[in-house]
Structures are given as structure tokens and as C-alpha cells.
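The entry under discussion is shown below.

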Amino acid sequence: MSYLRFEKAVMTNLEESLRRELLRTNRSGAYSASTLVDCNTRKYHGLLVVPVPELDDENHVLLSSLDCTVIQHGAEFNLGLHKYQGNNFSPKGHKYIREFDASLVPTTTYRVGGVILKRETIFQAYEDRILIRYTLEDAHSATTLRFRPFLAFRSVRQFTHENMVASREYQEIDGGIKTCMYQGYPDLYMQFSKKNAFVFQPDWYRGIEYPKEQERGYASNEDLYVPGYFEMSIKKGESIVFAASTSQTKTRELKKLFDEEISLRVPRDNFYHCLVTAAHQFHNREADDTRYLLAGYPWFKCRARDTFIALPGLTLAIDEQDYFELVMQTAEKGLREFMAGEPLTVKIYEMEQPDVPLWAIWAIQQYAKHAGRDKAFEMYGGLVKDIVEYIEEGGHPNLRLDDNGLLYSNGRDHAVTWMNSTANGRPVVPRSGYIVEFNALWYNALKFCASMANDQGDQEAAEHLEALAGKTKASFVDTFVNEYGYLLDYVDGTMMDWSVRPNQIFAVALDYSPLSQQQMKSVVDICTRELLTPKGLRSLSPKSGGYNPMYVGPQTQRDYAYHQGTAWPWLGGFYMEACLKLYKRTRLSFVERQMVGYEDEIDYHAIGTISELFDGNPPFHGRGAMSFAMNVAEILRTMKLLEKYSYQK
């Protein structure tokens with residue numbers, strides 16, 4: 001039985017099928033996304049969504065959807081599905097779905113009377129091109145297929161409405177047409193592998209509604225332009241391939257191209273393979289051949305902190321060291337430009353955040369464990385040394401090394417940590433001063449850098465770093481450890497945040513901890529009692545003031561809940577690492593059970609991947625972005641750690 005297979009009962013029940021999303025990507029930032037029944041429920045959904053750098057830094061929906069109609073004996077059966085205002089669904093093509101299978105490529109099987117039509121969809125790996133193969137598996141009489149393309153030509157953050165500016169012009173090309181609704185956009189090429197007739201019948205389909213936007217408190221409806229329809233006959237056993245792209249292709253090669261793309265895919269036949277496929281979806285190669293990791297889909301760009309946290313899990317944990325090095329090559333360039341006070345020439349956002357260089361060292365530390373310390377020093381020893389010196393010498397505009405060995409950062413007016421939600425221009429969680437994970441990362445960085453210096457025979461540097469680490473360790477314990485056995489979240493002068501938050505877990509999980517064995521166990525215990533859920537660690541304990549675990553409602557309401565009790569799988573990865581570090585093999589079965597909580601999500605929200613965050617209370621619904629890099633990465637890294645500890649005696 002297929003791992004990601006859904007029966008007719010699920011597909012025809014819109015309450016079940018509409019909440020399950022499907023994501024397909026290339027390696028250049030373009031994607032295709034919708035629900036399992038191809039009914040778009042977000043403004044970010046679309047059959048072909050591509051970056052248009054000539055316009056802005058956003059993705060743009062060119063082709064929203066493609067409705068297929070089966071025609072026999074003059075009777076028409078439309079397989080499409082759209083939601084219109086007033087909770088009206090039309091044309092209700094989902095009722096013809098017999099099954100859906102996404103184990104290799106997303107495949108929908110429709111049955112209309114004696115007609116069985118299979119639809120397979122794939123995104124070409126390095127082109128902005130979506131490919132759909134229609135195969136007529138059974139039919140007892142002459143069959144015709146009709147296709148209506150729904151065009152948007154808009155940013156993913158906007159809507160389109162009927163207007164007189166949109167161009168209706170089109171040009172016939174090999175196997176189809178090319179068209180462009182607005183100046184500045186690329187042409188959209190729609191082609192079929194089989195000769196067809198295009199009938200120009202321009203119309204606007206008005207009042208299409210996106211319920212996910214309604215839930216999020218946004219505007220939620222738009223009009224889509226349909227220029228006409230393509231029509232062709234199809235015989236039993238015949239396959240027809242449709243391509244939508246920003247460039248023209250040779251139609252006689254479409255069938256071969258589809259087969260070639262399928263041959264590159266890894267079957268998603270288990271949890272691990274699903275995560276590996278999801279990991280590859282975050283890859284992004286720019287025109288200048290620089291490599292990045294996108295922070296998530298559908299709205300995230302490449303962010304510095306996310307890159308360094310996700311990088312080991314998305315590459316080293318699946319034995320893809322080469323891609324680690326490619327991404328790090330781009331990221332190192334950005335880091336060095338920032339540290340030199342130069343304009344960034346790489347497309348990485350938020351490089352100015354004060355903990356970014358600390359996470360960079362952590363990522364290199366993971367590389368050292370995978371590739372060996374000598375290789376790590378050869379590749380990144382200079383960068384690690386330069387980062388530590390940069391911080392120690394006060395180079396960062398918002399990261400000060402005090403005489404007590406701790407790092408101070410001002411986060412009162414602008415969010416400086418991963419807990420970065422804002423409301424009315426102010427941080428919802430204004431973490432400022434001595435921030436617990438910043439200083440845990442700093443101590444870890446000093447010890448790692450000292451060990452590298454020692455390996456290379458630089459005794460003077462090693463002694464200096466060890467002395468500074470000793471000072472940091474003593475101050476860390478004095479500043480953050482409280483009488484209740486957990487760590488304060490941040491300390492700023494007389495201001496101490498006593499909230500029980502997950503950021504303390506880093507002081508245990510990192511390779512070098514400033515805490516004693518008993519202190520580490522106490523931190524893990526309180527995280528287990530108050531923060532652990534089946535979907536990772538809560539961002540705030542239910543016993544702390546301001547607990548708000550449900551990430552629902554309009555933007556402001558969600559901003560206040562974002563880091564006030566919601567659960568995050570990537571934090572769970574560090575928690576599991578801390579457990580294995582302290583208790584070794586005795587916690588293997590416990591960690592394996594936690595993995596079950598994540599595997600349950602693989603076929604429930606965005607199938608084959610992990611959502612951005614989860615409600616902190618049962619039933620722990622997935623929320624936010626449909627796929628989040630740090631979550632996928634840390635689950636993969638946890639699986640690698642499980643493998644490591646399973647073989648230890």
C-alpha cells in the first residue's frame with residue numbers, strides 16, 4: 001500500500017481534503033501549491049507561482065489553475081473545483097475522484113461513468129515549468145478533453161480583479177499559446193504534447209474565494225481571467241502532457257521530459273523519504289549559481305538565522321555534505337560582507353540579527369562532527385576565528401561583550417531573537433539584555449574555537465579562549481540559574497524574565513554547556529513537565545503569564561500568540577538532543593515515540609512535510625506556513641542522532 005494514498009471517502013469529503021495541502025517546487029524559488037482536490041484556499045496557491053525579479057522580490061501567481069472537462073456523447077463533466085462567495089463550490093469535480101496517491105508524484109485518478117482518467121503532476125527541477133500528464137486508462141466510446149486555464153498574473157500578497165487594463169492578446173505557438181496579462185510580467189507559455197484547438201472565449205470568473213485568508217482575517221476573494229479553452233481528442237491508453245512555463249519548449253519532447261523528471265524523484269514511501277524530499281524543496285539556486293536555503297513555503301525568503309539552524313539537518317543529516325558547502329559558501333560571503341560593514345551582495349535577509357554569527361559557528365561545529373575536525377578547520381577555521389574576534393572586539397552594532405564574559409543585546413525596541421513577532425511596531429516578547437540562548441551559544445562557540453586552536457597547535461589562542469570561556473561559564477550560572485531549577489529567559493539590569501521558555505534548552509543541548517550535570521537535568525525536567533508536546537516544545541509554559549497557545553484569528557491576534565505558547569518541532573529537536581546527551585540509550589524509546597507525533601503530520605496538513613508551528617494545546621493543529629525548513633531539518637537531525645545512539649554500547 002502506498003504511504004501517501006487517500007481513498008475516495010477522504011477526497012470527496014471537503015472538510016478532510018481542503019485542509020490537506022500539496023506543495024511542489026523547483027530549485028529556483030518557483031512552486032506549485034494547492035489542496036489535494038486542486039481547490040485553491042490561499043492567495044499563495046497556484047499551479048505556476050514564480051519569482052519575477054524584474055518587478056519585485058515576491059513570487060507571482062501566473063497560472064492559478066487548469067480545469068479539465070471530460071466530454072462524451074456531448075455530455076460534459078468538469079473535473080475542476082473552485083470556492084465562490086456564499087460557500088458555493090463549483091463545478092464540484094472532486095466527486096469524480098476515485099483516489100489520490102503522492103508516493104512518487106501527485107497522482108489523481110478520476111472516474112466518470114466508464115471513463116477512468118489519471119492526472120500526474122510534476123515540477124521541472126531547474127525550470128519554471130509545471131508538467132501535467134493526463135492518461136486515459138479506460139473509456140468505452142470517443143472521448144474529448146477540454147482545458148480552461150485560470151490566469152492571475154499577480155503577486156502572492158495581492159489579488160486580481162476584473163479590469164480593462166489586462167491584455168487579452170495571445171499568440172499561437174507550437175502546441176498551444178503564449179499570453180501576458182500585464183506589462184512587466186514574463187510571457188506564460190501553455191503547450192500540449194498533442195495537437196489541439198484553442199478557442200478564444202475570454203471571460204472573468206468572479207468572486208473566487210480563499211477560506212484560509214478568511215481565517216487569517218484578510219481579504220479573501222478575487223476574479224480570475226480565462227482566455228478560452230484548449231480541446232483535443234484522447235484514446236484509451238493514450239497520454240497527453242501539458243506544460244505551463246515562462247519559456248517555450250519543444251512539444252514533441254514533453255513526454256520524454258516528464259519521464260526524465262519522474263526518474264529523478266525518490267519515492268515517498270516512508271517518513272524519512274518524505275522528509276528528504278521536503279528538505280530538497282528548500283534548495284534555491286540563483287542565476288549566478290549561488291545556493292541558498294529558503295526558510296519555508298509559501299511566503300518565506302532566505303533568512304540568515306534559519307539558514308544556519310536548518311543547514312546541518314537539511315544536508316549533513318541526509319549525507320549531502322556538498323550542498324552544505326555550497327550554501328555555506330554563499331552564507332560566508334554574506335557574513336563577511338556584514339562584518340566588514342559592506343552592502344550585502346547575497347540574497348540573505350536579517351544578517352544583522354545579533355545571534356546569526358553564533359548560529360553560523362554552531363552549524364560549522366555540526367560540519368566538523370560529520371566531515372572531521374581537520375576538514376572543518378580547512379574549510380571554515382578562518383571564519384570561526386574571525387567571528388569570535390569580531391564579537392570580542394565589539395564589531396557588531398548590537399552585540400556587546402561585557403567584562404563578565406556575557407553578551408548583551410538591546411531588544412527592547414526591535415526584536416533581536418527568533419521570537420520576533422511584533423504588534424504596533426513593538427516586539428510582542430521584548431527579550432533584551434543578557435539573553436539565555438545567545439550566551440549559551442557564545443560559551444559553546446568559545447569552547448569549540450578553543451578546541452580547534454588546540455588541534456592546530458595554537459596554544460596561546462587556545463588558552464585565551466579557554467580563559468574567556470571560564471569567565472562566561474561562571475557568569476552564565478550566576479545570571480541565569482534560579483532557585484527553582486530552570487534558567488531565566490533574559491536578564492537586563494534589574495529586569496529578569498522568569499517565564500518558563502524553551503530557549504533554556506540550548507544550554508543543555510549544545511556540545512559545550514556551562515551547566516553542571518545536575519543543572520542540565522533540572523532544565524530538561526522542567527521542559528518535559530511544562531513545555532513538551534507531541535509537536536515539539538511550547539514557546540511558553542501554561543503556568544507562565546500570557547500563555548496563548550492557539551494560533552488563530554486575524555493578524556494581530558496571531559502575532560500575540562506566535563511565541564506565547566505555540567509548539568515548535570525544531571525546538572523539539574534540541575530537546576531530544578539534550579535528552580540523548582544526558583541519558584543516552586535509556587531515552588531512545590522515548591525519542592522514537594516523539595517521532596510518531598511528527599509522522600502523524602505527514603498526511604494531515606501539507607502532505608509530506610511539516611508545518612511552521614502548532615497550537616500548544618490539544619489537538620495541536622498545524623498552523624502558519626505549510627512547510628518550514630527548521631522543523632524538517634531538526635526532525636532529520638534527531639533521526640540521525642537516534643541512529644548514532646542506537647549503535648552506541
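At what angle do helix 7 and helix 9 pack, and how far apart are their axes?

## Helix packing

In this predicted model, helix 7 (residues 321-339) packs against helix 9 (residues 373-392) at an angle of about 25°, and their axes are 12 Å apart. Angles under 35 degrees count as roughly parallel, and helix 7 and helix 9 are therefore roughly parallel to each other. Their crossing is left-handed. On the side of helix 7, the contact includes Phe324, Glu325, Met328, Glu332 and Arg336, while helix 9 contributes residues including Lys375, Met379, Leu383, Asp386 and Tyr390. By class, this contact has ten nonpolar, two polar and five charged residues.

Helix 5 (residues 271-281) and helix 17 (residues 629-646) form another packed pair, with an angle of about 135° and axes 10 Å apart. Helix 5 and helix 17 are therefore oblique to each other. The crossing of helix 5 and helix 17 is left-handed. Phe271, Tyr272, Leu275, Ala278 and Ala279 of helix 5 meet Val632, Ile635, Leu636 and Met639 of helix 17. The contact of helix 5 with helix 17 has nine nonpolar residues, with no polar and no charged ones.

## Nonpolar cores

The largest nonpolar core comprises 212 residues, and Ile505, Trp570 and Tyr575 have the most contacts inside it. Helix 10 (residues 436-455) gives the most to this core, namely twelve residues. Apart from this core lies another, of nine residues, among them Ile122, Ala243, Leu254 and Leu257.

Leaving aside residues up to four places away in sequence, Tyr575 touches Ile505, Val524, Cys527, Thr528, Leu532, Leu537 and Phe590.

## Backbone geometry

Most residues other than glycine have a negative phi, and most peptide bonds are trans. Pro91 lies in the loop between strand 8 (88-90) and strand 9 (97-101), whereas Pro298 is placed in the loop between strand 22 (296-297) and helix 6 (304-315).

Phe153 is a residue other than glycine with a positive phi, near 50°. Phe153 belongs to strand 13 (residues 143-155) and is buried, with a relative accessible area of 2%. Lys584 likewise has a positive phi near 50°. Lys584 is in the loop between helix 15 (569-583) and helix 16 (588-599) and counts as partly exposed, at 40% relative accessibility.

Definitions and conventions
Residues numbered from 1 in each chain as written. Predicted model: local features only at pLDDT ≥ 70, side-chain atom pairs only at ≥ 80, totals over all residues. Heavy atoms only, no water. Core = buried A, V, L, I, M, F, W, Y, C linked by side-chain atoms within 4.5 Å. Buried < 20%, exposed > 50% of the residue type's maximum accessible area, 1.4 Å probe, protein only. Helix = DSSP H or I, 4+ residues; strand = E, 2+ residues; numbered from the N terminus. Contact = heavy atoms within 4.5 Å. Axes fitted to C-alpha atoms, helices over the stretch in contact; angles between N-to-C directions. Parallel < 35°, antiparallel > 145°, perpendicular 65-115°, else oblique. Left-handed = near helix turned anticlockwise from the far one by under 90°. Nonpolar A, V, L, I, M, F, W, Y, C, P; charged D, E, K, R; others polar.
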